[in-house]
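I opened my notebook for a friendly look through this one. Here is what I looked up, entry by entry.

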Amino acid sequence: MNGSRKSDSFVVPEKRPNKDCGAPQPAEGVEVRRLTKGNSGQQTKCRTQSRESLQHALDRIRQAARRDKQLRFTTLWHHVYDIDRLEKAYRGLNRKAAAGVDKVTWQEYGGNLEENLEELSGRLKRGAYRARPVRRTYISKSDGRQRPLGVTALEDKIVQSATTEVLNAVYEQDFLGFSYGFRPGRSQHNALDAITVGIKKIRVNWVLDADVRGFFDAINHEWLVRFLEHRIGDQRVNRHVKKWLKAGVLEDGKVTWADDGTPQGGVISPLLANIYLHYVFDLWIQAWRKRAEGDVMVVRYADDFVVGFQHRHEAERFSTELRERFAKFGLELHSGKTRLIEFGRFAAENRERRGEGKPDTFDFLGFTHACGRARNGGFQVVRLTMKKRFRAKLKALKVELRYRLHHPIPDVGKWLEKVVSGYYRYHAVPGNAHTLWAFRFHVGRLWFRTLKRRSQRSRLNWTRMTRIIDRWLPCPRILHPYPEQRLRVTTRGRSPVR
């Protein structure tokens, strides 16, 4: 396979054909999105063979990207407008998602799916496809503020999903091991495990807990396209990415355009964000820590990242240089969410010797991390549900229970069973059992108070309520293995933080 190499990290090299990727090609192996439940029974023999062909095509792209890290791919767009890939992208979308500016739902589009996809594929092939503006909506955050989200039109979602699958075949070979956000086969718990194991196994005495202020709104379009062109030489792919970036935002009946930012909620936005931070942060810190005197640990999940240091002076120098690095690319660290704290195996002893009290804690992905001791007296990273998240969830449940005030108890019980079970699935990590029991108790108490409001003559007492709680609210149990166990399986001996 032919290609071109880069002499300067920010200069786009000359285009050259990549012969290995010339044939029509398709979907991802390890990274491919799973099909929606219920679709497996719909596949015919012909369709199965077609999906195997899609798989094989992206495997060839992946192998070429892994072989040559400087290769630019010049023929990728035909993989995107392949009808089988577009159908796969359509079936992988959320069927209950809100409609965008086109007001077309998943079910409506699927009513005439074959013709719709053929027509969409034709427009993509001949360059007649036009991106629609993103409809702006807001969701409430735990601190009371509003988070803007973009609702993309259905056909834009389909094309972005197919494009993401093709680009993942390239970039999954480039992204570094400490990047966990929005990547196939990786989750929040993988990042949490990496932090715990990294702090315990590497000589970490100081932790920088950092957050990028308004990251998705601050991504510079010009820099993003230049970064994309390092690997993607197919101008049709780059042109469509520009279309999505410049499509505009519809809010209160008016469309506005901006030179920065990518809408949160867009299908391709997480991948574009990872590409941006890969060049701005990941490659830079990878080179930085090779020059460091002591150990340096880093774990990043989207725009949230934690960096551990052995020496304080290196942590302070890194913090200063990081701000300068981010400023060059239009990014800024959130002053209220970025802290350098003493944390690690010897933090408690050192602070006690200086009379400074217990080590500070830091929050990451919904958990508060604290220095603790295991039963054998050894150092342990304690992970507890963040109090702010805990209170916000109970507050939301209180509002919903009031709305279901006069619903039958079995109906409310079935709903609460799903809510509590879903809460356990994320938060049931080793060492967090006490918080899970507290959550169950408070949910039961909120339900009790709601039922008491049904009538001024309510005869419901706590003894009877306890039987109702035991009937519908599942008891908590730890669902996640210890970080060392899961990381040993997923990394197969390779370092999760290096």
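Which residues does Ala-153 touch, not counting residues up to four places away in sequence? I found Gly-100, Asp-102 and Arg-132, with contact meaning heavy atoms within 4.5 Å.

**Ground rules.** I am working with a predicted model, where local features need pLDDT of at least 70, side-chain atom pairs count only at pLDDT 80 or more, and totals for chains, interfaces and linings use all residues. Residues are numbered from 1 along each chain as its sequence is written, and side-chain values use heavy atoms, with hydrogens and water left out.

**Overview.** I noted 18 helices and eleven strands in the protein; these are DSSP runs numbered from the N terminus, helices (H or I) having at least four residues and strands (E) at least two. Of the 498 residues, 51% count as buried, that is, under 20% relative accessible area, with over 50% called exposed and the range in between partly exposed (1.4 Å probe, protein chains only). I also checked contacts between residues at least 6 apart in sequence: 74% of them join residues at least 24 apart.

**Ala-153 again.** I placed Ala-153 in the loop between strand E2 (146-151) and H6. Ala-153 counts as buried, at 0% relative accessibility.

Next I went to helix H11, where Asp-282 sits. Is Asp-282 buried or exposed? Asp-282 is buried, with a relative accessible area of 0%. Its side chain makes a polar contact of 2.8 Å with the side chain of Arg-300; for such a contact I need a pair of N or O atoms within 3.5 Å, and within protein one must be able to donate a hydrogen and the other to accept it, while residues adjacent in sequence count only if both atoms are side-chain atoms. Arg-300 lies in strand E6 (residues 296-301) and is also buried, at 0% relative accessibility. A polar contact of 2.9 Å joins the side chains of Arg-300 and Ser-179. Leaving out residues up to four places away in sequence, Asp-282 touches Leu-176, Phe-178, Ser-179, Leu-277 and Arg-300. With that exclusion, the residues touched by Arg-300 include Tyr-180, Asn-274, Phe-281 and Phe-305.

**Helix H9.** How many of the eight residues of H9 are buried? I read six, so H9 (residues 221-228) is mostly covered. The buried ones are His-221, Trp-223, Leu-224, Val-225, Phe-227 and Leu-228. They pack against helices H6 (154-171), H10 (235-245), H11 (269-290) and H12 (312-328). At the start of H9, a side-chain oxygen of Asn-220 comes to within 3.0 Å of the backbone nitrogen of Glu-222.

**H16 and H17.** Last, I looked at H16 (residues 433-452) packing on H17 (residues 462-472), at an angle of about 125 degrees and with axes 10 Å apart. That makes H16 oblique to H17: under 35 degrees counts as roughly parallel, over 145 as roughly antiparallel, 65 to 115 as roughly perpendicular and the rest as oblique. Axes are lines fitted to C-alpha atoms, for helices over the stretch in contact, and angles run from 0 to 180 degrees between N-to-C directions. From H16, Arg-440, Phe-441, Gly-444, Arg-445, Trp-447, Phe-448 and Leu-451 meet Trp-462, Met-465, Ile-468, Ile-469, Asp-470 and Trp-472 of H17.
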